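Have the 3D view open while you read.

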Amino acid sequence: MNLKKVFRGCLVLLLVWVVSACGSDGVSGGSGKVTELTLDEAKEFQPNKETGFVYVRDSLESEEEDDKNQFKEIKRVAEAEEIDFYVANGKDFPQLTAEEWEEGKEPIKILDQKNGTLAYYEDGEMMEEMDFMYIDEEELYSKIEKFVQKIKSDYIDN
């Protein structure tokens, strides 16, 4: 009789665990997990109608220090807000030469967002983008936090 109760209790716990794991998409209910996207995965992100936050690292070496700070603060907010996010390396994206820029050639689009930005995609469509260009280092955490909370309010928690 006691063995039967223990078995039922274990079965109930297993079912609760499976249901909660299935319901977690990482966008809300994540843990701040970072998934690095290869160039091929970044190319397929939108066509595969993926959903989630994506940070595209800046391709310029002169922006490396800012990129490290931005990534660190995004990670802190992601952990605090319990969301997972993707990271694509802008250095891997095809770059135009100076001559191609002068000729007005269009760069090859990998994602809809620019380098050095955090964006939220829903079913492969970019819904919002946050550009770090004019944000002071002291404001990074609060600006990212507000951006994530707005996304959660507008798209995720509805």
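## Sheet, helices and cores

This is a predicted model, and its open sheet has five strands in the order β1-β3-β2-β4-β5, with mixed pairing. β1 (34–37) and β5 (125–131) sit at the edges with a single partner strand each, so one side of each has no neighbour in the sheet. On average, neighbouring strands here are turned by 25° against each other, direction ignored.

Let's zoom in on the β1 end. β1 and β3 (residues 85–89) run parallel and are joined by four bridges. Thr35, for instance, has Tyr86 in β3 as its bridge partner.

| Helix | Strands involved | Direction |
|---|---|---|
| α3 (residues 64–81) | lies across β1, β2 (52–57), β3 and β4 (117–122) | about 165° to β2 |
| α5 (residues 140–156) | touches β2, β4 and β5 | about 160° with β5 |

Now for the nonpolar side chains. In soluble globular proteins, these tend to be buried together. What does the largest nonpolar core look like here? It's a set of 20 residues, and Phe53, Leu118, Phe132 and Ile144 have the most contacts inside it. β2, α3, β3, β4 and α5 are the elements that give two or more residues to this core, with α5 giving the most, six residues.

There's also another core, lying apart from that one: it has 11 residues, including Leu37, Val54, Val56 and Ala119.

Methods
Residues are numbered from 1 along each chain as its sequence is written. This is a predicted model: local features need pLDDT of at least 70, side-chain atom pairs count only at pLDDT 80 or more; totals for chains, interfaces and linings use all residues. Side-chain values use heavy atoms; hydrogens and water are left out. Two strands pair if DSSP finds at least two bridges between them. Axes are lines fitted to C-alpha atoms, for helices over the stretch in contact, and angles run from 0 to 180 degrees between N-to-C directions. Contact means heavy atoms within 4.5 Å. A nonpolar core is a set of buried Ala, Val, Leu, Ile, Met, Phe, Trp, Tyr and Cys residues joined through side-chain atoms within 4.5 Å. Buried means under 20% relative accessible area, exposed over 50%, partly exposed in between (1.4 Å probe, protein chains only).
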